[in-house]
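Colleague: Can you walk me through this one? I'd like to go strand by strand, then look at the helices.

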Amino acid sequence: METMSAAQARRAAVAAQGLAGPARRARPSRGTLQATADRLGLLQLDSVNVAVRAHYTPLWSRLGPYDRGALDALAWPRTAAQRRRRALVEYWAHEASLLPVEDWPLFRWRMRDNEARHSRWLGNALDHRPDVLDAVRDAVAAHGPLEAAQVEQVLGDAGDRRARAHGGWWRRSDVKVACEHLFATGELTTGTRRGFRRAYELPERVLPPEVYARVPARDEAMRALVAKAAAVMGVATEADLRDYYRLPATECQAAVAELVDAGELEPVAVEGWSSPAYLAPDARLPRRVTGRALLAPFDPLIWFRPRTLRLFDFHYRIGIYTPAAKRTHGYYVFPFLLDGRLVARVDLKADRAAGVLRVPGAFAEDGAGEARVAAELAAELVTMAHWLDLEDVVVDGGGDLAPALDRAVGSRAGVQAVSVGGWT
């Protein structure tokens, strides 16, 4: 078994995530967006919109400013031409996620588990109302894509009393629970989104026929998902690989062993890591990593917090799940990656009414050069603000990096950043 240094493992992880490239300069094309999303395997969805929705940011972190509408068209097409070129579909992967259309069948096993109520996402809220499932499915089949409220309207117009509310799961109506149940079991998917509200549709009307027809064996799907996770992580422990798609422990362990036996994963020892690690066969091992990126809280490089601590010696919590009095760095905190290291963190808020990107807090990591970190971070924040159609960056909070960052942002006053496709 070969041994890697912790620094080698860190650089391999950053490179595998597409964050070790040169400065971003060209406007990313639709093909580039799709290729990057395919490489990452999924884009996590989250309802929090305090800065920018979670699924938009990983592509911006890696490619620079791009047209968010182009990603919307890949995921939630509105025209016939867009639907023919649909590249992403929703399902439970890491959490609620966008994933490549071709990967939807790899989660058939999870859909079957959900039918059997073997899921942390799905309870038994509808065990006593199977009639509602039939009514909801029929309504979507006849009229989809439909939001849950529209399904309720369809059933109400038809005089169907199965849509009445009950005090169950999150106090949502039976119809909403049924929509989520059918989504979890693969009988519905997302046809589009309206105001970020999911509009449900039959998967056979969303997916290409050859994709919808595929039903991989469970062990085949596990191996494929572990191999995908390994490719996008570079070097990882079994627990790291398991977390990427939230796989069952025993089956992930078996898949890792089978991939090792097949020569598709290489066992390695990483200095300072207490568990064995595995190297993807095509993993890059750069001697040096350059570049900068702000990482959203749900970015795949950092979403598994034990791995973030192990790779970067960076203890990270978002803040949104912590009472205000106990937050250490703010509410919605973005780590800042510079030359392969996490050197700072900033709390960010898009103040759309005022047209500014606010920085309620900015904090440098120990040993990070304050002047350079502030200058690089200021440039990235200005670029982000213009990408979000905001006019300015305002550092109006605390933290040890805030004074230097405020000066650096001020020194960039009047510098023009291009909102889509540019780099400053």
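Colleague: Which residues point one way from β3, and which the other way?

Modeller: Leu88, Glu90 and Trp92 point one way, Val89 and Tyr91 the other, and all are buried. Buried means under 20% relative accessible area, exposed over 50%, partly exposed in between (1.4 Å probe, protein chains only). Strands here are DSSP runs of E, at least two residues, and helices are runs of H or I, at least four, numbered from the N terminus.

Colleague: What should I keep in mind about the model itself?

Modeller: This is a predicted model: local features need pLDDT of at least 70, side-chain atom pairs count only at pLDDT 80 or more, and totals for chains, interfaces and linings use all residues. Residues are numbered from 1 along each chain as its sequence is written, and side-chain values use heavy atoms, leaving out hydrogens and water.

Colleague: Back to β3. Why call it largely enclosed?

Modeller: Strand β3 (residues 88–92) has five of its five residues buried, so it is largely enclosed by the rest of the structure. In general, side chains of a regular strand alternate between the two faces of the sheet.

Colleague: Which strand does β3 pair with, and in what sense?

Modeller: β3 pairs with β4 (residues 96–100) in the antiparallel sense, over five bridges. Two strands pair if DSSP finds at least two bridges between them. Leucine 88 has proline 100 of β4 as its bridge partner. The two strands form a hairpin, with three residues between them.

Colleague: New topic. What is the strand order in the four-stranded sheet?

Modeller: The order is β1-β9-β10-β8, in an open sheet with mixed pairing. Its edge strands are β1 (2–4) and β8 (235–237), each pairing on one side only. The twist averages 45° from one strand to the next. Angles run from 0 to 180 degrees between N-to-C directions, and axes are lines fitted to C-alpha atoms, for helices over the stretch in contact.

Colleague: How do β9 and β10 pair?

Modeller: β9 (residues 266–270) and β10 (residues 277–279) pair in the antiparallel sense over three bridges. Valine 268 has alanine 277 of β10 as its bridge partner.

Colleague: And serine 274, buried or exposed?

Modeller: Serine 274 is exposed, with a relative accessible area of 78%. Its place is in the loop between β9 and β10. Serine 274 and threonine 237 are 37 residues apart in sequence, and 9.6 Å apart in space, C-alpha to C-alpha.

Colleague: What joins β14 to β15?

Modeller: Five bridges join β14 (residues 356–364) to β15, and they run parallel. Leucine 357 stands opposite valine 393 in β15.

Colleague: Helices next. At what angle do α1 and α11 pack?

Modeller: Helix α1 (residues 6–16) and helix α11 (residues 218–233) pack at about 110°, with axes 6 Å apart. That makes α1 roughly perpendicular to α11, the label for 65 to 115 degrees. Ala12, Ala13 and Ala16 of α1 meet Ala231, Val232 and Met233 of α11.

Colleague: What's the span of α11?

Modeller: Its end C-alpha atoms are 23 Å apart, which agrees with the 22 Å that its 16 residues should span at 1.5 Å a residue. The expected span is 1.5 Å times one less than the number of residues. Just after α11, glycine 234 takes a positive phi of about 80°.

Terms used:
Angles under 35 degrees count as roughly parallel, over 145 as roughly antiparallel, 65 to 115 as roughly perpendicular and the rest as oblique. Contact means heavy atoms within 4.5 Å.
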